[in-house]
Amino acid sequence: MTATTTTTATTARTTTVPTPDGPFTVVVDPDGTVLASGWTTDADALVGLTHPDLRPAATTPVPDDDPAVTTAVAAVRAYYGGDVHAIDDVPVRQVSGPYRAHAWDVLRTVEAGEPVTYTRYAELSGRSAAVRAAAGACAMNAAALFVPCHRVLRTDGSLGGFRYGLDVKRSLLAHEARHTD
C-alpha cells in the first residue's frame, strides 16, 4: 500500500539481512511498514531516499527478530527461499504526487517472472505517453524489492538501470523466472 499523505517524526527501526545478492537493509516505521529498503548496509542512505514527510527523526538498528522488522525480514527470506510472492503483501509507505504514488501501486501488480517494458508500465499506470514519468517512478522508488521496480525493462528487452546495479537486477529476474509456475 502506498500512502499519499503522512508525516513521521518517530524513530524508525533498521536491520540488515544477508541475501545471495548482498546485504539487504530495511527501514520500517514503528508499526513495521517499510519506508525504504535495498541492497546496502547504509541505513542512512536509505532514509535519504524517503520523502521528507516520511523521514524519521532517527533510526535504531535492531536485530532481525525485532517485532517491527519481522514481517519484512520473513518476506525477504521467503522470497530468496523461492516464494517470490512473499513480498507482495508487506506494507509499504511512500509519498509523492498522485501519478507516482499510483505508479508505485501498479508496480506491485507486475507479476514475478513476467517483467514489463517501461512502455507497458506507463500503459498499466494509465498514461501510455508518460514513459519517462514511469521510469521516474522506478528511479524514485525507495522500497526496492517490495515495490519491484526491477521487473521493468527497456523496450529492447535490455535491463535499463537499477539503483543497486545491473548484476542484482539480473539476479532477481533470473530468480523469479526459476521460481514461477
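Five of the five residues of strand E2 are buried (under 20% relative accessible area, with exposed meaning over 50% and partly exposed in between, for a 1.4 Å probe and protein chains only), so E2 is largely enclosed by the rest of the structure. This is a predicted model, in which local features need pLDDT of at least 70 and side-chain atom pairs count only at pLDDT 80 or more, while totals for chains, interfaces and linings use all residues. Residues are numbered from 1 along each chain as its sequence is written, and side-chain values use heavy atoms, with hydrogens and water left out.

In a regular strand the side chains alternate between the two faces of the sheet. Both faces of E2 are covered: Phe 24, Val 26 and Val 28 are buried on one side, and Thr 25 and Val 27 are buried on the other.

## Strand pairing

Helices (H or I, at least four residues) and strands (E, at least two) are DSSP runs numbered from the N terminus, and two strands pair if DSSP finds at least two bridges between them. Strand E1 (residues 11-17) and strand E2 (residues 24-28) are antiparallel and share five bridges. Val 17 stands opposite Phe 24 of E2, and Thr 15 has Val 26 of E2 as its bridge partner. Six residues lie between the strands of this E1 and E2 hairpin, where Gly 22 takes a positive phi near 110°.

On pairing with strand E3 (residues 34-38), E2 is again antiparallel, with four bridges. Here the bridge partner of Thr 25 is Gly 38 in E3. The hairpin of E2 and E3 has five residues between its strands, and Gly 32 in the turn has a positive phi of about 95°. E1 also runs parallel to strand E4 (residues 58-61), to which four bridges join it; Thr 14 is partnered by Pro 61 of E4.

The buried residues in H2 are Ala 72, Val 73, Ala 75, Val 76, Tyr 79 and Tyr 80. Seen down the helix axis, they fall within an arc of 160° (taken from the directions from the axis to the C-beta atoms), so they line one face of H2. The cover over these buried residues includes E1, E2, E3 and H6, where contact means heavy atoms within 4.5 Å. Just after H2, Gly 82 takes a positive phi of about 120°.

Helix H6 (residues 166-178) has 13 residues and should span 18 Å at 1.5 Å a residue, which agrees with the 18 Å between its end C-alpha atoms; the expected span is 1.5 Å times one less than the number of residues. In H6, Val 168, Lys 169, Leu 172, Leu 173, His 175 and Glu 176 are buried. They cover an arc of only 160° around the axis, which puts them on the same side of H6. The face turned away from that buried side carries the exposed residues Asp 167, Ala 177 and Arg 178. Helix H2 (70-80), helix H4 (118-124) and strand E6 (152-153) are among the elements covering the buried residues of H6.

## Domains and the nonpolar core

The chain is divided into domain 1 (11-81) and domain 2 (98-178), with bounds from an automatic or database domain assignment. The C-alpha centres of domain 1 and domain 2 lie 21 Å apart. Their contact takes 17 residues from domain 1 and 14 residues from domain 2.

In soluble globular proteins, nonpolar side chains tend to be buried together. A nonpolar core is a set of buried Ala, Val, Leu, Ile, Met, Phe, Trp, Tyr and Cys residues joined through side-chain atoms within 4.5 Å. The largest such core has 51 residues, and those with the most contacts inside it are Trp 39, Tyr 121 and Phe 146. H2 provides the largest share of this core, six residues. Both domain 1 and domain 2 give residues to this core, so it lies between them.

## Tyr 121 and Cys 138

Not counting residues up to four places away in sequence, Tyr 121 touches Ala 103, Trp 104, Val 106, Leu 107, Val 116, Ala 134, Ala 137, Cys 138 and Val 152.

Cys 138 lies in helix H5 (residues 131-139) and is buried, with a relative accessible area of 9%. Leaving aside neighbours within four places in sequence, Cys 138 is in contact with Leu 107, Tyr 118, Tyr 121, Cys 149 and Val 152. The C-alpha atoms of Cys 138 and Val 90 are separated by 18 Å, and these residues are 48 residues apart along the chain.
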